[in-house]
Amino acid sequence: MKFIICLIITVVFATEPEESLDAAESIEYNLYPAEKHYVQTPDGYINQIQRIPFGRDNRPIQGCNSKRPIMFLQHGLFASSYEFLMNLPSQSPAYVFADAGFDVWLGNVRGTEYGRNHTTLKTNDRRFWNFTFYDHAHSDLVSQIEYVLEKTGQESLFYVGHSQGTTVMFARLAEAEPAWQKKIRAFFGLGPSAGSVKATASFLLLEIEDIQRLIQFVLDGKFGIIPITIPHPLIDRLAEACGNAEINHICSAALDIGGGREKLSQLNDTRLPVILKHFPSTTSTLNLLHWVQTFKYHELRHLDLGPERNLEAYGQKEAPRLNISNIEAPTYLFFSHDDIITDDVDVREIILKHMGPGLRNYTNLDHFTHIDFAVGLRANDEVYRPIIQTIREDIQKNGC
Ligand SMILES: *[C@@H]1O[C@H](CO)[C@@H](O)[C@H](O)[C@H]1NC(C)=O
Ligand SMILES: *[C@@H]1O[C@H](CO)[C@@H](O)[C@H](O)[C@H]1NC(C)=O
Ligand SMILES: *[C@@H]1O[C@H](CO)[C@@H](O)[C@H](O)[C@H]1NC(C)=O
Ligand SMILES: *[C@@H]1O[C@H](CO)[C@@H](O)[C@H](O)[C@H]1NC(C)=O
Ligand SMILES: *[C@@H]1O[C@H](CO)[C@@H](O)[C@H](O)[C@H]1NC(C)=O
């Protein structure tokens, strides 16, 4: 009885206003200027990206009086740009960078709630969901970066990616010419992922032949037309339940396990309803299968379509490698042993060992789970502030 009354009270009183707001609305709710932009890709997807053109006290970055440096944030798998807005302004990366003096842009990829519009395809068309992170890299990401540079009249930008937001930049820079590499003045990768040394997650126990068979089904349009997500009524119920002080530590533990090993949780339990309302977002079946391949192959490649289709698409029987040693843009990585999605061993063996001169520095953090990079309460001090400091030094040395 006590529990039920408590639950009712919680549902009525303990909601956080941002639960029902989208990204731009939340930015305004927090009294920051918000802009929505729609960026069309060459293959017809129209993604909404958001901008916070300046912070609350309109402060410039020292040494940058005539322009405001751009900070472009790209979200991870099953997330959207909202992941950078989840906490209080003093803790959420989008606001922290805006207040530090950046012109902040929040990217979104196709398939998320901000990426379900297309010039000709409807979302109930299987062709709409025929994409993987390679398309995010070479279509969504490139279009958005070019758009932002054109809008602001600048030649380069600073980029922070989280999780798949790092993967898409690895994939892009692996194939980019030197002129394009220069558009990325620095690339900061949080929880960077380009494969895994060992298969821990249960879906990775699928045999490679089964995965290849599934991929053929999807390519033939027999399977995988609907987006992959968790049904919303379930999430709503979960968000309500997790607003209850008596049980939200369970939700917190579940999220930690979902995003990393439970340890020294950095989550603000009060924010759980907000987090759960905006996470997880959706993606395509084919993208998940590309991810499974990436983990199995222990490296980044184009989607392996099977020998016949590979020959047709790539002119060779094997899916081509995306060689990260080609990366020239200055790259700084932040990772942690306690991030079970991509731990320190994965980062060292798969990324650090293969990166060339682009790699400038890396930080192995104590006790960060995969989602802590975006929503952890220590992320400001241990990740965002050091990034700002690195950029300030770069600007002092090389000009704005
Ligand atoms: C999709 O994009 C077009 C072109 O920008 C726009 O006119 C239309 O309103 C958008 N539809 C939705 C549902 O956002
Ligand atoms: C998906 O795209 C691939 C090539 O990019 C094509 O071969 C395949 O037929 C497409 N499948 C569907 C269902 O649109
Ligand atoms: C957690 O979030 C609530 C409001 O959503 C806020 O009042 C509180 O200060 C936050 N706690 C911490 C430790 O940041
Ligand atoms: C990646 O590229 C580097 C040179 O940029 C080359 O030395 C290396 O052999 C390539 N690795 C693979 C696996 O192709
Ligand atoms: C590299 O990062 C570490 C933190 O992990 C920092 O202490 C060090 O100063 C950085 N080095 C350079 C050259 O920026």
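**Figure 1. Close-up of the second largest pocket in the predicted model.** Helix α15 gives the most to the lining of the second largest pocket, with six residues. The structure shown here and in the other views is a predicted model. The second largest pocket has a volume of about 210 Å³, and 13 residues line it. Two elements, β7 (184-190) and α15 (379-398), each give two or more residues to this lining. Which residues lie nearest the centre of the second largest pocket? They are Y332, R360, T390, D394 and N398. By class, the lining of this pocket is made up of six nonpolar, two polar and five charged residues.

Figure 2. How many cavities of 30 Å³ or more does the structure hold? There are two. The view shows the second largest cavity, with a volume of about 40 Å³. Its lining consists of 13 residues, and F78, V109, T112, T282 and T283 are the closest to its centre. Eight residues of the lining of this cavity are polar, four are nonpolar and one is charged. Empty space of this kind is found by rolling a probe the size of a water molecule over the atoms.

**Figure 3. Close-up of ligand 3 and the residues around it.** The residues that surround ligand 3 are E16, L88, Q91, N268, T270, R271 and L377. Sorted by class, this shell has two nonpolar, three polar and two charged residues. Several side chains in the shell have a polar atom beside an oxygen atom of the ligand. For N268, a polar side-chain atom lies 2.4 Å from an oxygen atom of ligand 3. For E16, an N or O atom of the side chain is 2.5 Å from an oxygen atom of ligand 3. For R271, the distance between an N or O atom of the side chain and an oxygen atom of ligand 3 is 3.1 Å. How much of the area that ligand 3 exposes when taken alone does the protein bury? Taken alone, ligand 3 exposes 360 Å², and the protein buries 55% of that.

**Figure 4. Close-up of ligand 4 and the residues around it.** Around ligand 4 are R321, N323, S325 and N326. This shell contains three polar residues, one charged residue and no nonpolar residues. An N or O atom in the side chain of N323 is 2.2 Å from an oxygen atom of ligand 4. In the case of S325, an N or O atom of the side chain is 3.0 Å from an oxygen atom of the ligand. The side chain of N326 has a polar atom that lies 3.1 Å from an oxygen atom of ligand 4. Ligand 4 exposes 360 Å² when taken alone, and 32% of that is buried by the protein.

Figure 5. Where does H298 lie? H298 is in the loop between helices α11 (285-297) and α12 (307-314). H298 counts as partly exposed because its relative accessibility is 39%, and partly exposed residues fall between the limits for buried, under 20%, and exposed, over 50%. The view also includes G195, which is 103 residues from H298 along the chain. In the folded model, the C-alpha atoms of H298 and G195 are separated by 4.7 Å.

Terms used:
Residues are numbered from 1 along each chain as its sequence is written. Chains are lettered from A and ligands numbered from 1 in the order in which they are written. This is a predicted model: local features need pLDDT of at least 70, side-chain atom pairs count only at pLDDT 80 or more; totals for chains, interfaces and linings use all residues. Side-chain values use heavy atoms; hydrogens and water are left out. A residue is near a molecule or strand if one of its heavy atoms lies within 4 Å of it. A polar contact is a pair of N or O atoms within 3.5 Å; within protein, one must be able to donate a hydrogen and the other to accept it, and residues adjacent in sequence count only if both atoms are side-chain atoms. Accessible areas come from the Shrake-Rupley method with a 1.4 Å probe; for residues, only the protein chains shown count as cover. Ala, Val, Leu, Ile, Met, Phe, Trp, Tyr, Cys and Pro count as nonpolar, Asp, Glu, Lys and Arg as charged, and the others, Gly among them, as polar. On a 1 Å grid over the protein atoms alone, a cavity is a set of points where a 1.4 Å probe fits but cannot get out, and a pocket is an open set with protein on both sides within 12 Å along at least five of seven lines; lining residues have an atom within 4 Å of a point. Grid points are joined across faces, edges and corners, and a volume is the space filled by probe spheres set on the points. Helices (H or I, at least four residues) and strands (E, at least two) are DSSP runs, numbered from the N terminus. Buried means under 20% relative accessible area, exposed over 50%, partly exposed in between (1.4 Å probe, protein chains only).
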